[in-house]
Amino acid sequence: MAKKFSVIKKKDLLSGEERIVAYSLGDDELSRTKVLKKLHRSLKGKQGAFSYRCDESLYMHLLPGLSETTIRELSKRLYRTAYVVCKKTGKSEKALYLALLKDSALRFKASIPAATLKDKGADVPNPDFYVKELRLCL
């Protein structure tokens, strides 16, 4: 798609673990600030020490071979669910690829050479690379 989206991460301040939890429209500073304020307000009164941040921006991808008119039509609509290919590094996740369709995300993950490991002569999936479903945060 032609639009760029921000990836929202939730950090557990006690353990230091950071997870990708949602995505939001717009990648400008004003949009990010609004979404982060809303998320921090939702944490008030709840148990646990969490923090949200929004520092990664990705373009949304569709299956290859779609016409430009189809891409423009799909870009006009809001989709509540998207799929992200993540790489686990230590206690945090890095977003590699954001896709509207799960099939597209799985194809991208399969094309990463490090996403498969050799174990006793057979290819097995690397647990550090996975596809995650994200919800739209307005």
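**View 1. Strands E3 and E5 pair in the parallel sense over two bridges.** Two strands pair if DSSP finds at least two bridges between them. E5 covers residues 92–99. Met60 has Leu98 in E5 as its bridge partner. His61 stands opposite Ala99 in E5. This is a predicted model: local features need pLDDT of at least 70, side-chain atom pairs count only at pLDDT 80 or more, and totals for chains, interfaces and linings use all residues. Residues are numbered from 1 along each chain as its sequence is written, and side-chain values use heavy atoms, leaving out hydrogens and water.

**View 2. Strand E1 meets E3 in the antiparallel sense.** Eight bridges join E1 (residues 4–12) to E3 (residues 50–61). Find Lys10: Tyr52 in E3 stands opposite. Tyr59 also belongs to E3. Tyr59 counts as partly exposed because its relative accessibility is 44%; buried means under 20% relative accessible area, exposed over 50%, and partly exposed in between (1.4 Å probe, protein chains only). Tyr59 and Phe5 are 54 residues apart in sequence, yet their C-alpha atoms are 6.1 Å apart in space. In a regular strand the side chains alternate between the two faces of the sheet.

**View 3. Six strands form a closed barrel.** The order is E1-E2-E8-E4-E5-E3, with mixed pairing. Neighbouring strands of this sheet are turned by 35° against each other on average, direction ignored. Axes are lines fitted to C-alpha atoms, for helices over the stretch in contact, and angles run from 0 to 180 degrees between N-to-C directions. Helix H3 (residues 102–111) packs on the sheet. H3 touches E4 (81–89), E5 and E8 (129–136), and its direction makes about 120° with that of E5. Contact means heavy atoms within 4.5 Å. Helix H1 (residues 29–43) lies across E1, E2 (18–25) and E3, running at about 140° to E3.

**View 4. Tyr130 sits in strand E8.** Tyr130 counts as partly exposed because its relative accessibility is 21%. Leaving aside neighbours within four places in sequence, Tyr130 is in contact with Val84, Val85, Cys86, Lys88, Glu93 and Lys109. Tyr130 and Leu25 are 105 residues apart along the chain, and 23 Å separates their C-alpha atoms.

**View 5. Strands E6 and E7 form a hairpin.** E6 covers 116–119 and E7 covers 122–125. Four bridges join these antiparallel strands. Leu117 stands opposite Val124 in E7. Two residues lie between E6 and E7. Lys120, in the turn, has a positive phi of about 55°, although Lys120 is not a glycine. Most residues other than glycine have a negative phi. Lys120 counts as exposed because its relative accessibility is 82%.

**View 6. The model holds one cavity of 30 Å³ or more.** A cavity is a set of points, on a 1 Å grid over the protein atoms alone, where a 1.4 Å probe fits but cannot get out; lining residues have an atom within 4 Å of a point. The volume of the largest cavity is about 70 Å³; a volume is the space filled by probe spheres set on the points, which are joined across faces, edges and corners. Its lining has 11 residues, and Phe5, Leu25, Arg77, Leu78 and Tyr79 lie nearest the centre.

Methods
1 Å grid on protein atoms, 1.4 Å probe; cavity = no way out; pocket = protein on both sides within 12 Å on 5 of 7 lines; lining within 4 Å.
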